[in-house]
Amino acid sequence: MNGADTAFVLVSAFFVMLMTPGLAFFYGGMVRVKSALNMLMMSFISLAVVSVLWVLFGYSLTFGPDTGGLIGNLDHAGLSGLSPDSLTEQGGIPLLAFVLFQMMFAVLAPALMSGALADRVTFGAWAVFLTLWATLVYFPVAHWVWAEGGWLRELEVIDFAGGTAVHINAGIGALAAVLVVGERIGFTKDPMRPHNLPLVVLGAALLWFGWFGFNAGSALAADGTAATMALNTQIATGAALAGWLAYERLRHGAFTTLGAASGAIAGLVAITPAGASVNAMGALVIGAVAGVVCSWAVGLKYKLGYDDSLDVVGVHLVGGLVGTLLVGFLAVDGVGGPAQFGKQALGAFSVLAFSFAVSWLLAKLVQATIGFRADPDDETAGVDQAFHAETAYDFTAVGGSTGRDPGGPPAPPGTAAAPETAPRPGRATKVDA
Amino acid sequence: MKLLTAVIKPAQLDEVKEALRAFGVQGLTVTETGGYGRQRGHTEVYRGAAYTVDLVPKVRVEVLAPDEDAGQLVDVVVKAAHTGKIGDGKVWVVPVENAVRVRTGERGPDAL
């Protein structure tokens with residue numbers, strides 16, 4: 001066992017853990033004030049649900065012994081057979097460090113989709129969809145890409161840290177779910193501008209920071225590959241941020257803060273599959289292209305009419321495709337070329353097709369059984385109050401509605417009566433922008 | 001007594017306050033508000049989508065005045081709020097039946 005590698009991978013796992021709360025802030029600041037808490041919770045719940053799934057069967061399905069190149073078996077369900085002395089195949093680090101590191105990826109991936117479904121799905125249905133999606137979409141696809149015997153890994157598709165397995169996968173999954181759930185009430189009519197941009201920037205910054213663990217940590221060793229990946233992560237992200245802002249200034253006339261935050265994420269997404277295989281100039285190209293292309297792609301939802309509320313498709317799917325496809329040509333050491341590009345395209349589009357189909361079916365299943373969509377009244381009033389019995393900010397000095405109810409216990413949250421009877425701090429002064 | 005209400009550009013509030021103080025007005029009430037007049041708001045582009053902003057941010061200033069001051073007060077407010085650009089706002093005056101100072105119970109013009 002190598003102590004330096006082990007320390008590096010463990011710390012990287014801690015970095016990646018921080019990405020999920022970072023994502024929660026990134027998305028949470030982007031929604032309207034009435035659903036800010038729900039947006040935070042949609043990410044946060046993944047830390048609970050997927051951590052449990054990962055131990056029960058997720059790790060085993062993803063990295064357990066291969067079955068036909070498609071999925072692992074259940075040999076390691078409940079992490080059976082793994083002891084503190086178990087080492088990875090290369091022998092560098094304890095297997096449990098790898099289990100923890102990959103657990104954080106599995107937590108983050110489904111949470112990415114939540115931004116597309118902002119403001120309008122019931123929290124319970126989201127938790128169920130999250131469980132199904134992690135199990136039937138993420139675990140298999142991560143197996144294809146990373147596990148010994150996985151068919152995309154055998155094909156030598158380059159996906160170092162998850163451009164295909166995480167970002168294309170979650171991006172197209174989000175699109176499928178949006179097509180089932182439908183658009184927010186008022187989509188294209190109301191501005192629906194972000195309610196707290198400093199929170200968005202805070203979230204983007206946490207994601208950026210955590211992403212060093214995500215990308216460099218994927219080397220699973222404190223070596224030159226990790227250093228390359230970390231450096232390229234920074235280069236591509238800076239270039240993408242600049243590219244996004246430049247495009248936005250030319251097209252729409254302003255350098256928006258939201259654009260800066262989104263541009264950074266687009267660069268991080270695009271370099272994720274590619275960063276270990278390209279040089280610094282390659283990272284610069286990938287970042288700049290991702291910044292400009294994603295900035296253009298977030299406008300597609302208005303043209304094509306799907307309400308990808310916080311641009312999960314425009315940033316994660318499109319950014320993931322940019323990185324996954326460009327590395328086919330930009331990979332160094334004689335790897336890049338038409339043949340590698342073909343492999344990259346095959347990998348990307350296989351995941352696209354599989355993830356879209358299964359995600360769509362799972363969303364339909366949730367919709368048809370327990371119902372995915374929030375009640376229109378709850379959606380209009382704000383799902384924070386309906387599902388969490390809270391509001392994000394209480395700035396009102398009057399507070400006329402916050403007194404104790406003398407008549408019996410409070411109504412259970414989420415019932416039809418709750419919006420009328422539950423305490424509603426600040427209701428009188430809340431103006432939704 | 002009269003109630004003077006002015007809906008003005010937020011940036012003009014300081015000038016209006018100063019002008020009212022210089023005139024000798026003892027008190028006023030200010031509310032942040034929004035609305036539109038003949039300009040009918042404007043269009044903004046954000047994140048690739050164009051939106052009409054039809055409720056433009058405004059400030060509403062309310063002043064109670066004795067009958068004899070009301071006419072002059074309107075001129076003072078209009079002068080201070082004026083920029084000459086679109087969206088400068090509006091000032092209007094309505095009669096007030098009574099007013100009471102809560103602390104002392106004084107009524108009518110004495111309460112102002």
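Asp119(A) and Arg184(A) meet through their side chains in a salt bridge, with 3.5 Å from N to O; the term requires a side-chain nitrogen of Lys or Arg within 4 Å of a carboxyl oxygen of Asp or Glu. The model is predicted, so local features need pLDDT of at least 70 and side-chain atom pairs count only at pLDDT 80 or more, while totals for chains, interfaces and linings use all residues. Residues are numbered from 1 along each chain as its sequence is written, chains are lettered from A and ligands numbered from 1 in the order in which they are written, and side-chain values use heavy atoms, leaving out hydrogens and water.

The pair links distant parts of the chain, 65 residues apart: Asp119(A) lies in the loop between helix 3 and helix 4 (123–146) of chain A, and Arg184(A) in the loop between helix 6 and helix 7 (197–216) of chain A. Helices (H or I, at least four residues) and strands (E, at least two) are DSSP runs, numbered from the N terminus. Over all chains the count is 14 salt bridges.

The UniProt record, an unreviewed entry, places "domain: Ammonium transporter AmtB-like" at residues 7–393 of chain A; such annotations may be inferred rather than shown by experiment. Over residues 7–393 of chain A, the chain is 70% helix and 1% strand, with the end C-alpha atoms 40 Å apart.

Helix 3 (residues 95–112) of chain A packs with helix 6 (residues 163–181) of chain A at about 25°, their axes 8 Å apart. Axes are lines fitted to C-alpha atoms, for helices over the stretch in contact, and angles run from 0 to 180 degrees between N-to-C directions. That makes the two helices roughly parallel, a label for angles under 35 degrees, with over 145 roughly antiparallel, 65 to 115 roughly perpendicular and the rest oblique. Their crossing is right-handed, meaning that the near helix is turned clockwise from the far one by less than a right angle, and left-handed if anticlockwise. The contact (heavy atoms within 4.5 Å) involves residues including Phe105(A) of helix 3 of chain A and Val166(A) of helix 6 of chain A.

Helix 1 (residues 3–30) of chain A packs with helix 7 of chain A at about 155°, with axes 7 Å apart. Helix 1 and helix 7 of chain A are therefore roughly antiparallel, and their crossing is left-handed.

The axes of helix 1 and helix 3 of chain A come within 8 Å and cross at roughly 15°. This crossing is also left-handed.
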